[in-house]
Amino acid sequence: MIYDLLIIGGGAAGMMAAITAAETGKKVIIIEKMNRLGKKILATGNGRCNFTNSYLDEDCYRSSKKSFPFTAVEQFGSQDAIAFFEQLGIAVVDRDGYYYPRSNQASTVADGLIYKIKSLHIPVVLECKINRIEKKKGYFTIASRKKEFTGRNLLIAAGGKAQEKLGSDGSGFLLAKSCRHTLIEPFPALTALIIKKHPLKEASGVRCRCKVTAVINGQSSKAEEGELQITSYGVSGVLIFQLSRFIIDGIRKGKRSAICIDFLPEQKEKSQFFTTMKECASYKTAQQWLEGYFPTKLADALLAYAGVDSNKNVGNLSKKEREQIWRQIKECRMSIDGWKDFDFAQVTAGGVSVAEVSPYTMESELIPGLYFAGEILDVDGTCGGYNLQWAWTSGYLAGRSIQ
Ligand SMILES: Cc1cc2nc3c(=O)[nH]c(=O)nc-3n(C[C@H](O)[C@H](O)[C@H](O)COP(=O)(O)OP(=O)(O)OC[C@H]3O[C@@H](n4cnc5c(N)ncnc54)[C@H](O)[C@@H]3O)c2cc1C
């Protein structure tokens with residue numbers, strides 16, 4: 001059997017491409033190394049699948065070629081993705097621009113794609129890892145250790161390297177390299193950060209709202225507000241995930257990288273903060289005073305970092321001690337020493353160079369008939385539905401371009 005399209009990888013991008021191509025009458029087959037399709041989708045959005053976002057612009061994506069992701073997203077954006085899933089009979093909800101299936105279950109999205117694939121009679125081969133690609137006389141042959149498949153076009157949608165237990169193990173990169181494609185060195189993105197000498201380690205387990213700024217070579221760069229998670233190894237939480245891309249990039253380039261935490265972003269005025277202390281907390285210890293603002297463990301840790309005795313009455317704090325407390329609350333600076341690796345990260349930065357791929361069709365500019373879609377490409381999005389949107393966009397563009 002010679003297929004019109006062979007697809008390596010039955011994740012979000014591969015399934016979208018399969019449905020799109022099959023709907024135009026193409027003979028498609030999906031080859032997937034795991035024991036089911038869409039395993040990673042099940043883990044997305046804490047099991048709820050944040051599948052797109054109504055706010056989309058160029059800054060939502062990173063790539064060595066900045067214009068590439070958005071040129072593609074403009075052709076199939078969030079409204080298209082929403083309409084696509086509604087067409088599959090999946091009701092969606094909008095939570096401040098973040099879209100989820102109404103069921104609140106990621107399996108609704110994964111299964112919805114699988115039901116459609118079945119209805120289109122697209123053959124699926126599971127537990128089959130492709131490790132070889134050849135193109136001869138206009139036909140692609142792809143092979144696992146036991147099986148071979150032949151087709152006129154080939155889509156590599158094998159994902160990146162994030163969370164191998166969900167399928168993507170980086171083997172797609174090797175396949176792309178075997179087709180002479182350039183690889184931009186992959187590294188984890190949307191991940192937690194490691195602090196070796198963690199000044200707030202005692203507060204591990206605390207979650208608190210704050211503003212965190214990435215500081216690269218002493219220069220403040222990107223800032224995010226949201227919920228910070230203090231852990232025993234460092235810091236985590238969505239706002240850290242958002243900053244991790246910049247910080248990891250900085251460290252990899254040998255730059256000094258740190259974060260600066262404002263634990264009380266709504267408190268702008270120092271004088272007002274201390275006036276309130278005098279008026280409302282004069283009978284309290286420093287710890288009791290800060291407990292009015294922070295969880296006890298964090299109050300203790302901040303006072304320890306500021307070098308202030310937590311049992312001291314606030315009325316007895318020296319000006320220097322008050323200044324130190326204010327500094328740790330408003331500008332708590334910590335050097336970042338590393339990051340949680342691919343087994344923790346949500347997404348892979350880097351990948352197949354987009355300089356060799358068309359942003360309109362996802363077709364290779366080196367080998368006609370070869371396509372790429374999803375996380376395997378050198379495109380990564382910020383948190384908020386942008387990575388799945390990239391999978392839908394690139395999968396759709398590849399699927400509709402198959403001749
Ligand atoms: C915990 C977690 C939460 C996330 N939450 C969100 C979220 O809420 N919103 C969002 O937008 N993004 C989220 N993401 C990111 C998003 O899930 C991915 O970017 C997206 O699923 C990538 O889709 P893909 O099809 O390119 O790759 P994948 O989903 O990784 O699919 C690739 C498939 O290819 C298969 N494969 C790999 N190599 C081979 C081979 N050699 N032969 C055969 N098959 C192979 C793999 O088994 C896999 O099934 C999250 C990621 C994680 C890990």
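This is a predicted model: local features need pLDDT of at least 70, side-chain atom pairs count only at pLDDT 80 or more; totals for chains, interfaces and linings use all residues.

Q: Where is the place of T191?

A: T191 belongs to the loop between β11 (183-189) and β12 (193-194).

Q: Does one call T191 buried or exposed, and why?

A: Residues under 20% relative accessible area are called buried. T191 has 0% relative accessibility and therefore counts as buried.

Q: Which residues is T191 in contact with, leaving aside its neighbours within four places in sequence?

A: Those residues are I240, F241, S244, I248, W339, K340, D341, F344 and A345. As for N46, which is 145 residues apart from T191 along the chain, the two C-alpha atoms are separated by 14 Å.

Q: How is Q287 to be read, as buried or exposed?

A: The relative accessibility of Q287 is 18%, so this residue counts as buried. Q287 is found in helix α9, which covers residues 286-291. Beyond its neighbours within four places in sequence, Q287 is in contact with T296, A299, D300, L303 and S310.

Q: In what order do the strands of the open sheet lie?

A: In general, strands of a sheet pair through backbone hydrogen bonds, in a parallel or an antiparallel manner. Here, 3 strands form an open sheet in the order β3-β6-β5, with antiparallel pairing. Its edge strands, β3 (52-53) and β5 (92-95), each pair on one side only.

Q: How many bridges join β5 to β6?

A: There are 4 bridges between β5 and the antiparallel strand β6 (residues 98-101). As one example, R95 has Y98 in β6 as its bridge partner.

Methods
Residues are numbered from 1 along each chain as its sequence is written. Side-chain values use heavy atoms; hydrogens and water are left out. Two strands pair if DSSP finds at least two bridges between them. Helices (H or I, at least four residues) and strands (E, at least two) are DSSP runs, numbered from the N terminus. Buried means under 20% relative accessible area, exposed over 50%, partly exposed in between (1.4 Å probe, protein chains only). Contact means heavy atoms within 4.5 Å.
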